[in-house]
Amino acid sequence: MKKIAIAILILLVAWTAYTVRQEKEEEKPVRIKPEKGITLKLYNHQTGKIETVELEEYLVGVVAGEMPPNYPLEALKAQAIAARTYTLKRILSPQNTRGYHPGADLCTDPTHSQAYLSGEELRKRWGVKYYYYLSRIKWAVNSTKGKVLVYNGELIDPVYHASCGGKKTEAAKDVWGYDVPYLKSVTCQENDYPVETKTFKISYIDKVLGTDLQALAVSTGTKPVKISERTGTGRVKKIKLGSRIFLAEEIRYRLGLKSTIMTVSTRGDKIIFTTRGYGHGVGLCQRGAAALADKGQNYREILSHYYPGTKIILYK
């Protein structure tokens, strides 16, 4: 019995040493930007002005705007690291974002960059829970301070979304047409996803998309809409509207749909879209990250799952 206890103790010590060593290697500082106390230029859509914001302070507003504050702390930490990486990537590659707002690194519009909420906005949104939720968000940001994601020594483009719709995330190649080694389709543990149905008049779709659905229906009697191609995960990749074929991601954006996991039907002069999930489906799934955290996974495991082949390092 004593021998077994000693053997178990030796294994525990060895495993602890391995874990600590692995963590130190993973977090070996890499010089990405020489300046200390990084600040960024943020275009605020509410005020119409460019504000100077300290990086870690900015991240508090981003994590609060991008992820529900009651999510598990490990999911919030994963979000903080993804958001920090995204921000530094934009600061160091200004040509990617400054076309929207000259003189700014990022903006507060999530369709251009990342969602961001000021302290005043958070007070209104959270009410009496403001200090409790703020402490959780600050803990997630401060406890991961300086940590970013890299692939082959370079900052990654850590795209993320609210809900993949369950089962699998999507590969970048099937959404945007180019392959990214760390943005592959992976399994997802998400088990609670939004479902939404939107109905549009055919005349409205013709106006927004420049299609000929009304004329086609009158002259030929054929169905005005047809799914023409799906991705390997089952999302709609291309959709035919009248005589034109669109990428489903373009339709999602222009019609304000939540996802490309969709079914499409017609009823009279209307087209009905029913979607599952929320967002483009590439990279980290926020609801999936929460599900993994609930199962006991830490932020390193969550990020490794959604961005395979990447490493966490410290910038300085």
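# A tour of the cavities, cores and loops

Start by selecting Glu170, Asp174, Val175, Thr231, Arg235, Val236, Lys237, Leu247, Ala248, Glu249, Thr260 and His280, the residues that line the largest cavity. A cavity is a set of points, on a 1 Å grid over the protein atoms alone, where a 1.4 Å probe fits but cannot get out, and lining residues have an atom within 4 Å of a point.

Before going on, note that this is a predicted model, in which local features need pLDDT of at least 70 and side-chain atom pairs count only at pLDDT 80 or more, while totals for chains, interfaces and linings use all residues. Residues are numbered from 1 along each chain as its sequence is written, and side-chain values use heavy atoms, with hydrogens and water left out.

## Stop 1: the largest cavity

Keep the selection on. The space in this largest cavity is about 90 Å³; a volume here is the space filled by probe spheres set on the grid points, which are joined across faces, edges and corners. The count is two cavities of 30 Å³ or more.

Colour the lining by class: four residues are nonpolar, three polar and five charged. Nonpolar means Ala, Val, Leu, Ile, Met, Phe, Trp, Tyr, Cys and Pro; charged means Asp, Glu, Lys and Arg; the others, Gly among them, are polar.

Now show the secondary structure. Helix H6 (172–176), strand S12 (236–241) and helix H9 (248–255) each give at least two residues to the lining of the largest cavity. Helices (H or I, at least four residues) and strands (E, at least two) are DSSP runs, numbered from the N terminus.

Where does the largest cavity lie? Domain 1 (39–191 + 281–314) and domain 2 (195–276) both give residues to its lining, so the cavity lies between them. The domain bounds come from an automatic or database domain assignment.

## Stop 2: the largest pocket

A pocket is an open set of grid points with protein on both sides within 12 Å along at least five of seven lines. The largest pocket holds about 1100 Å³ of space. Select Pro110, Thr111, Ser113, Arg252 and His280: of the 32 lining residues, these are the closest to the centre of the pocket.

H3, strand S7 (160–161), strand S10 (195–201) and H9 each supply at least two residues of this lining. H9 gives the most, with four residues. By class, the lining of the largest pocket has 12 nonpolar, 11 polar and nine charged residues. Both domain 1 and domain 2 contribute to the lining of the largest pocket, so this pocket too lies between them.

## Stop 3

Select His280, in the loop between strand S15 (270–276) and strand S16 (284–285). Is His280 buried or exposed? His280 is buried, with a relative accessible area of 13%. Buried means under 20% relative accessible area, exposed over 50%, and partly exposed in between (1.4 Å probe, protein chains only).

Leaving aside neighbours within four places in sequence, His280 is in contact (heavy atoms within 4.5 Å) with residues including Tyr160, His161, Glu170, Arg235 and Arg252. The C-alpha atoms of His280 and Ala162 are separated by 8.9 Å, although the two residues are 118 residues apart along the chain.

Gly256 counts as partly exposed, at 37% relative accessibility. Apart from neighbours within four places in sequence, Gly256 is in contact with Lys198 and Ile251. Gly256 and Lys198 are 58 residues apart in sequence and 9.2 Å apart in space, C-alpha to C-alpha.

## Stop 4: the nonpolar cores

In soluble globular proteins, nonpolar side chains tend to be buried together. A nonpolar core is a set of buried Ala, Val, Leu, Ile, Met, Phe, Trp, Tyr and Cys residues joined through side-chain atoms within 4.5 Å.

Select Tyr58, Leu284, Leu303, Tyr306 and Tyr307, the residues with the most contacts inside the largest nonpolar core, which has 64 residues. Helix H3 (residues 73–92) gives the most to this core, with 10 residues. Another core, of 17 residues, lies apart from it; among its residues are Phe246, Ala248, Leu257 and Ile271.

Centre the view on Tyr58. Not counting residues up to four places away in sequence, Tyr58 touches Leu40, Leu42, Val53, Thr87, Leu106, Gln114 and Tyr116.

## Stop 5: two positive phi angles

Most residues other than glycine have a negative phi. Select Asn152, which has a positive phi of about 55° although it is not a glycine. Asn152 lies in the loop between strand S5 (147–151) and strand S6 (154–155), and is exposed, with a relative accessible area of 68%.

Then select Lys167, in strand S8 (residues 167–168). Phi of Lys167 is positive, near 75°, and Lys167 is exposed, at 67% relative accessible area.
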